Every structure is written in structure tokens, then in C-alpha cells.
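Please keep the structure open while reading.

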Amino acid sequence: MPDENAAQHEFFFADETTRKDLILGPGSAPKLRPAQVTFNKNIKRLRQLQARMEDTKAAIERKKIQFIGEVLPVLGEFNRTQIQWLHIMLDCHQDPRVGLGKVQSAKLMDIILDDFDSLGRNIHGVEPEEMDKLKDRIDDILGPDEEDDYEDEDDAELKSAVMEMMGDFMGMQGLDVDFTGVDPEDFDGMEARVEDAMNRAGHPPPKPRKPSSKKAAAADERLRKQREKEQAKLRDFKSLFKSLAKAMHPDLVTDPVDKEHREDWMKRLTSAYESQDLHGMLTIEMEWLGSESQDLAKASDQKLAIYSELLREQILEAEEQVRLLMREDPFMAFQVDHSHGPPSAANLCPLITADTDRLTRQIQKITKQGKGIKKFLGDLIRSRQQSYYYF
């Protein structure tokens, strides 16, 4: 509640007696003006995001410590087991005594490539040399350029289909356009072919329409208002910085202790200015000048509107920072069945360990199968589904 002296101001800073606050409250007026309400909403939203950022940072740090201490050792054991498993699968694929047919060989290689790709996304616990050896073996079987050849063929087919669709579309417009030899990404080449077809058909390409004078004037007016808006934001922001810098500048005092104190405040102020932190600068104003400062309390609707726009920009930036922080969660790369809850060390470690045990059992069975390897691999190929809970 305001104190009895608050009524002399247009409005007051809520709970000003216990803390310096930027939330504006009604004073002698019956209610807040719309500009004041908008300012308050932006302040509250920004504070919520700033608090969320701090909470998220702390949570991410805890997760990183947990991930490094609990998950990575288990994941490293799985990766080393998978390296061994992949080498054995390659041995089976290449051994003519196993007797796999072309179809089964191709399916087994698909499994090998899928697992190698999965392994490559997180090779913790595996030496780079081990991955290189595995890749060399795969390249020796497939040929180093085979995958590139497939990609080139797919790209050529896609481009051919695009050009065919373009030709059909132009045909519907009554134009016979030959796109042979033109790359779909060569827009100038495509346009030249179309223009040539239009000229041959007696339809020269239409001249680009100039915007009407009204539209041009409206566009110019929008640009002018936008420039004025940006200039006003910059002007008010600089003005606030200059007024605060003038009030707290270290050169205004001679006492060494006071000068050092002011230097610390100036560093804080400069940091807020350089990072375009209006909330921080307004907070510094209240903390430094205290109840003697009535600049914000007496701010006009125009100034509050400019401040609100600056705060909205800070809000957008804060929202993006929160999104970026969330991506640093080391558990985000893992996929766990919803019944297990969100990914955590508690539910990931047992699942990864179970996958390690599964691969170990398969390795043991293959080494003991002898003549039954072909049947074992056939069963494996038929039943195999990506059951790993990561990536």
C-alpha cells in the first residue's frame, strides 16, 4: 500500500518503502492509464523471463553434471560394445560361408549403416581410430563413392521431374518451352527460355507494373514512421544513459572511496547500456537516485510507449535466450518412451544398459552358432527394429 505522501505524485512505485520497483501503481488518479498498464505488463513479462532464464541455467548445469557423472560412462560402454557388434556384422556380411543372399546382405548392410550413423552422433568412449577403422571397412564393401553416386542419381531425377513439371505448367499457359539442359536453380536461364517462348508465340513479356502513387506514398509513410520510431527509441535510451552517467560520474567526487563506489556503478550502467537493457538502466536509476527520482513516475504516455517498445525487444531476446538454453540440455538428444517420463539419468541408464546387454548376447550367440549363423542373422534381420533409446 502507498504511504500517505504518495498522493502528491501522479502515481507511485508499488511497495516503494520496502524495495525499489518499476511496477507503476495509481496515485491520485483512480486508475492507471493504458500506457502505464502496457509498461507494467512488459516489466512483469520481462522479469518472468529473466527468472526463468536463471532457473533454466541452474537446471541445465545440474543436468550436465548428472549426465557426465552417470550417463556418459554407461553410454561409453554401449558404444564400445556396438563397435564390436558392427565388426562382427561386417564379418558375417563378407563371409561367403554364411551364405546370405543378395536381399539379406542388403538388409544387413542397411542395419550396419543405420547403427554406424547412430554411433557417429555420439562416440563417447570410442577412440577416433576405431571409428576410422570401421568406416574404412564399410567403404571397402560399398566403395567410397557409391553413396555419392546414389545421391547424384537422386538429384538428377529430382531436377528432371521439376523441369518436366515446369514444362507442363507452361504448356497449360499455351507456351512451348524447352527447358532441356537448364538447371532448376538457374532462374535466369529458366526466365530466358520462357521469354524466348513468349516472343515466338507473339506474346512479349509484360513490363513490370509500377506501384501506384498511393501505394508508393503509403510505403514511404510506413518507412518514415518506422525510422522515426527507431530514432525515438535510440534518443530516449541515450538520454536516460546520459542523465544517469552525469549524476553518478566518478569525476564529480574527490573522496577515493566514493570515487571507487561510483566507478562500480558506472561499469554497471555502461554494461546495461551496451546490452540495450532498459530494465537494468531503470533499475539503476531507482537504486541510485531512490525516491528523489520522479522521471519514470512523471513519464508521459509517449515516453512510456517508447520504453514499452524497448522492453518488448528485450522480451523477444529473452525468449530466444531461453530457447537456446533449453537446447543445451544434454538429455534433449535422447528419445524415451513417454511411459518412462522425460529423459533423465534414472531412466536412461537402465535402458542403455539393457541395449548393451542385448548386443552382448547377440555377439555371444553369433560366435557360438557355427552353421546356424545364417538362420540367426535371418531372424535378426526380420525382427530388428531400432530399439535404442537415444538419438
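## The largest nonpolar core

In this predicted model, the largest nonpolar core comprises 39 residues, and those with the most contacts inside it are Val71, Trp85, Met89, Ile112 and Leu377. Two or more residues of this core come from each of the helices H1, H2, H3 (128-142), H10 and H11, and H1 gives the most, with 13 residues.

Trp85, one of the residues with the most contacts inside the core, touches Ile111, Asp115, Leu359, Gln362, Ile363, Leu380 and Arg384, when residues up to four places away in sequence are not counted. A second, separate core has 35 residues, including Ile23, Ala35, Leu244 and Leu304.

## Where H2 meets H11

The axes of helix H2 (residues 102-120) and helix H11 (residues 373-383) come within 10 Å and cross at roughly 60 degrees, and the two helices are therefore oblique to each other. In this arrangement H2 passes H11 in a left-handed crossing.

On the H2 side, Gln104, Lys107, Leu108 and Ile111 make the contact, meeting Lys374, Gly378 and Ile381 in H11.

## The buried residues of H11

Within H11, the residues Ile373, Phe376, Leu377, Gly378, Leu380 and Ile381 are buried, and the buried residues of this helix pack against H1 (34-94), H2 and H10 (345-369). Among them, Gly378 and Ile381 also take part in the contact with H2, while Leu380 is touched by Trp85.

Terms used:
Residues are numbered from 1 along each chain as its sequence is written. This is a predicted model: local features need pLDDT of at least 70, side-chain atom pairs count only at pLDDT 80 or more; totals for chains, interfaces and linings use all residues. Side-chain values use heavy atoms; hydrogens and water are left out. Axes are lines fitted to C-alpha atoms, for helices over the stretch in contact, and angles run from 0 to 180 degrees between N-to-C directions. Helices (H or I, at least four residues) and strands (E, at least two) are DSSP runs, numbered from the N terminus. Angles under 35 degrees count as roughly parallel, over 145 as roughly antiparallel, 65 to 115 as roughly perpendicular and the rest as oblique. A crossing is left-handed if the near helix is turned anticlockwise from the far one by less than a right angle, and right-handed if clockwise. Contact means heavy atoms within 4.5 Å. Buried means under 20% relative accessible area, exposed over 50%, partly exposed in between (1.4 Å probe, protein chains only). A nonpolar core is a set of buried Ala, Val, Leu, Ile, Met, Phe, Trp, Tyr and Cys residues joined through side-chain atoms within 4.5 Å.
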